[in-house]
Amino acid sequence: MDVAALTAFGWRPVPFREFILKISSRCNLACDYCYVYEAADQSWRSQPKRMPAEVLRGAVARIARHAETHRLKEIEVVLHGGEPLLAGVDYIDFAAREIRAAIPCAVRIGMVTNGVLLTDRALPVLDAHDIGVSVSVDGDREGHDRHRRYADGRGSHAVVARGLDRLAGRYRHLYRGVLCTVDTANDPVAVYEDLLRTGPPKINFLLPHGTWSAPPPGRDPGSDDTPYADWLIDVFDRWYGSPARETGIRFFEEIMHLILGGQSRSESIGLSPVALVVVDTDGTIQQVDTLKSSFSGAPRTGFTVTGHDFDEVLGHPGIVARQIGRSALCVECLACPVRDICGAGHYPHRYRAGRGFHNPSVYCRDLMKIIDHIGGRMRADLSRPAR
């Protein structure tokens, strides 16, 4: 990636607007598909269990400088892990105070949690700092507990359901939605309808992380089968055909927005510049951490919050590749009719040993099928005469 040449031709980076702070490097679950603990990159083993206070303050100071330099009106800071609530409610109180006090623009603070520690002690602290909460849950007890278990093999569904009920009750104003990893062994419509139980404002269906070198479950890169598209199409038809949309589904809404000529607001679809960055518990600055599913060390940038501003990170070739749109696509993707909608899918899913990320997504056929299906449904609706 010749960043200097791109700059000479007029390209300029987009400033970061989403900062993911990995405040805890450990988890209280042992989900078998986890990209942090079960994938090729095992760097979590050498990380501090909790982000030290001085690292947190350093990260916040760098974020504040970045926001001020680029005159940003609003940013998002996401408390992440591991499981962020393992850092403790007192630490989260401290972190939120530091973030609110130091950053000179509007800040939306969010958290992604497995829901186990959404207790009557934790939720008032999140409420005090207006921390929005997204919860990972994979549907009903059977589907959820197939993968999202404790290290001793016990399922976590019952305790997660209790946490969700607390969040969706008195603290509904903090409820941002649920994240559900697709498992084609589960009934798609049953999973969707079970996720509706707590009335989430948004559902985000996630494709399991995999690459051409280590394909996701049930995805044979040499096959014409499209198991993930077929699963998602069943959910889409149930959701889209409902007289009253019960919730938003981010993946579908992003595709619909792109089909209508808009820009992507998600890193997993489309060609909009990716404007997020990760700070790990030791203060190292990383690209999106789902790259850990590709190979050991894939997210590393060589920068730290103790020694570098985020503007320096914007010049890293891995960041640049995710901001230059079509210019980062391989020949196969450039020739694809849904190129600008798909955008080669989620960047980590493009990896192939020996060729890096200059490939289509390992989900290429699935993405094309779901995009074509959604487009077809939309065109049919738009062609109907007005009543």
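Author: D237 counts as partly exposed, at 27% relative accessibility, where buried means under 20% relative accessible area, exposed means over 50%, and partly exposed lies in between, with a 1.4 Å probe and protein chains only. D237 forms a salt bridge with R377, and the closest N and O atoms of the pair are 2.9 Å apart; the term salt bridge stands for a side-chain nitrogen of Lys or Arg within 4 Å of a carboxyl oxygen of Asp or Glu. Because D237 lies in helix α8 (residues 227-240) and R377 in helix α14 (residues 364-383), the pair ties together parts that are 140 residues apart in sequence. R377 also counts as partly exposed, at 26% relative accessibility. Side chains of opposite charge can pair when their charged atoms come close.

This is a predicted model, in which local features need pLDDT of at least 70 and side-chain atom pairs count only at pLDDT 80 or more, while totals for chains, interfaces and linings use all residues. Residues are numbered from 1 along each chain as its sequence is written, and side-chain values use heavy atoms, with hydrogens and water left out.

A second pair involves R238, whose side chain meets that of E246 in a salt bridge with an N to O distance of 2.9 Å. R238 counts as partly exposed at 23% relative accessibility, and E246 counts as partly exposed at 34%. Elsewhere, salt bridges that share partners join E74, E76, R108 and R176 into one network. A further salt bridge is the one between the side chains of D152 and R154, at 2.8 Å from N to O; here D152 counts as exposed at 56% relative accessibility, whereas R154 is partly exposed, with a relative accessible area of 48%. By the rule given above, the count comes to 27 salt bridges.

How far apart are the mean positions of the positive and negative charges of the chain? There are 47 positive and 47 negative charges, and their mean positions are 3 Å apart; Lys and Arg count as positive and Asp and Glu as negative, while His and the chain ends are not counted, and each charge is placed at NZ of Lys, CZ of Arg, CG of Asp or CD of Glu.

Now to the chain around these pairs. Its secondary structure comes to 14 helices and ten strands, which are DSSP runs numbered from the N terminus, with helices (H or I) of at least four residues and strands (E) of at least two. Buried residues make up 56% of the 387 residues. Among contacts (heavy atoms within 4.5 Å) between residues at least 6 apart in sequence, 71% join residues at least 24 apart. The C-alpha atoms fill a box of roughly 55 × 55 × 45 Å, taken along the principal axes.

Some details of the backbone also deserve a careful look. Most residues other than glycine have a negative phi, and most peptide bonds are trans. R71, in the loop between α2 (53-69) and β2, has a positive phi near 50°, and R71 is exposed, with a relative accessible area of 74%. D130, which lies in the loop between α4 (122-128) and β4 (131-136), likewise has a positive phi near 50°, and D130 is partly exposed at 49%. The peptide bond from G81 to G82 is cis, with omega near 20°, and G82 lies in the loop between β2 (74-80) and α3 (89-102).
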